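I would like to walk you through one protein model slowly, giving each term as we meet it.

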Amino acid sequence: MQNSSARTPSRSRTTMTEYVLPTHANALGNVFGGQILAWMDIGAAICAQRHCSTIAVTAGIDNLAFEQPIQVGHVVRIDAWVTATFRTSIEVAVIVYGENPISTEEWVCVRAFLSFVAVDDAGHPVAVPALVLETEEERQQEQEAHERRAYRLHQRQHNRHRLTSSQRS
Ligand SMILES: CC(C)(COP(=O)(O)OP(=O)(O)OC[C@H]1O[C@@H](n2cnc3c(N)ncnc32)[C@H](O)[C@@H]1OP(=O)(O)O)[C@@H](O)C(=O)NCCC(=O)NCCS
């Protein structure tokens, strides 16, 4: 059974801002990829939990590539929104922007899709509220999310089989 009240993407859309300190950076002064991932995961989790009104755990992160670095002294802006809901899972799109706070120049650092599963206090998956789509762009993104989900679940089975097989040899 689906969780009762349907919700729009704008209701849960989340923006998170971070300032890059030397402790976040490598020897070149660029933020570590793992640090960016951690911020993405937090921003997306806040968005997922706002939509679901339950704890939502990260089930997976689709392939991602770091397009541009972000340096010490720059600002990181995370923009996260729900693109589609399924039975107990949802897809959240995230774009990470770098910003030079002096010049206000802004660029895309990374984009990714994360899957979250709504869970109860015992960690068991529970139904999520449906998504109410208001714009043509949102409808397009939802359609694409269904295609990504089919690929993702196929890969999940494939990877499980592959790793199980390699462990035996
Ligand atoms: C994610 C988790 C709850 C799924 O539990 P499960 O017993 O495998 O549950 P199911 O197979 O019934 O799948 C439940 C939902 O998760 C989705 N799911 C499971 N693995 C997934 C993956 N790798 N990517 C995307 N969705 C996934 C399923 O498609 C299903 O969605 P649906 O109900 O909308 O169709 C469980 O694997 C888990 O707790 N993993 C650890 C999560 C975690 O610790 N994250 C990091 C810290 S937050």
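Predicted model: local features only at pLDDT ≥ 70, side-chain atom pairs only at ≥ 80, totals over all residues.

Residues are numbered from 1 along each chain as its sequence is written.

Let me begin with the layout. The protein has three helices and seven strands, where helices (H or I, at least four residues) and strands (E, at least two) are DSSP runs, numbered from the N terminus. Of the 169 residues, 31% count as buried; a residue is buried if 20 or more other C-beta atoms lie within 10 Å of its own, exposed if 12 or fewer, and partly exposed in between, with C-beta atoms placed from the backbone. Two residues are in contact if their C-beta atoms, placed in that way, lie within 7 Å, and among contacts between residues at least 6 apart in sequence, 73% join residues at least 24 apart.

Now to the core. A nonpolar core is a set of buried Ala, Val, Leu, Ile, Met, Phe, Trp, Tyr and Cys residues joined through C-beta atoms within 7 Å. The largest one here holds 34 residues, of which M40, A44, A48, I90, V92, V94 and V96 touch the most other members. The elements giving two or more residues to this core are helix 2 (33-52), strand 4 (75-85), strand 5 (89-99) and strand 6 (106-119), and strand 6 gives the most, with eight residues. Which residues does A44 contact, leaving aside its neighbours within four places in sequence? They are A80, V92, V94 and L114.

Next comes the ligand, around which there are 16 residues, with G60, F86, R87, S89 and S115 coming nearest; a residue counts as near a molecule or strand if its C-beta atom, placed from the backbone, lies within 6 Å of it. Strand 3 (55-61), strand 6 and helix 3 (136-168) each supply at least two residues of this shell, and strand 3 gives the most, with four.

Finally, some single residues. Most residues other than glycine have a negative phi. S53, in the loop between helix 2 and strand 3, has a positive phi near 60 degrees, and S53 is partly exposed because 15 C-beta neighbours lie inside 10 Å. T104, in the loop between strand 5 and strand 6, also has a positive phi, near 70 degrees, and T104 counts as exposed because 8 other C-beta atoms lie within 10 Å.

F66 lies in the loop between strand 3 and strand 4, and F66 is partly exposed, since 14 other C-beta atoms lie within 10 Å. Leaving aside its neighbours within four places in sequence, F66 is in contact with G33, C109 and V110; F66 and G33 are 33 residues apart in sequence and 7.8 Å apart in space, C-alpha to C-alpha.
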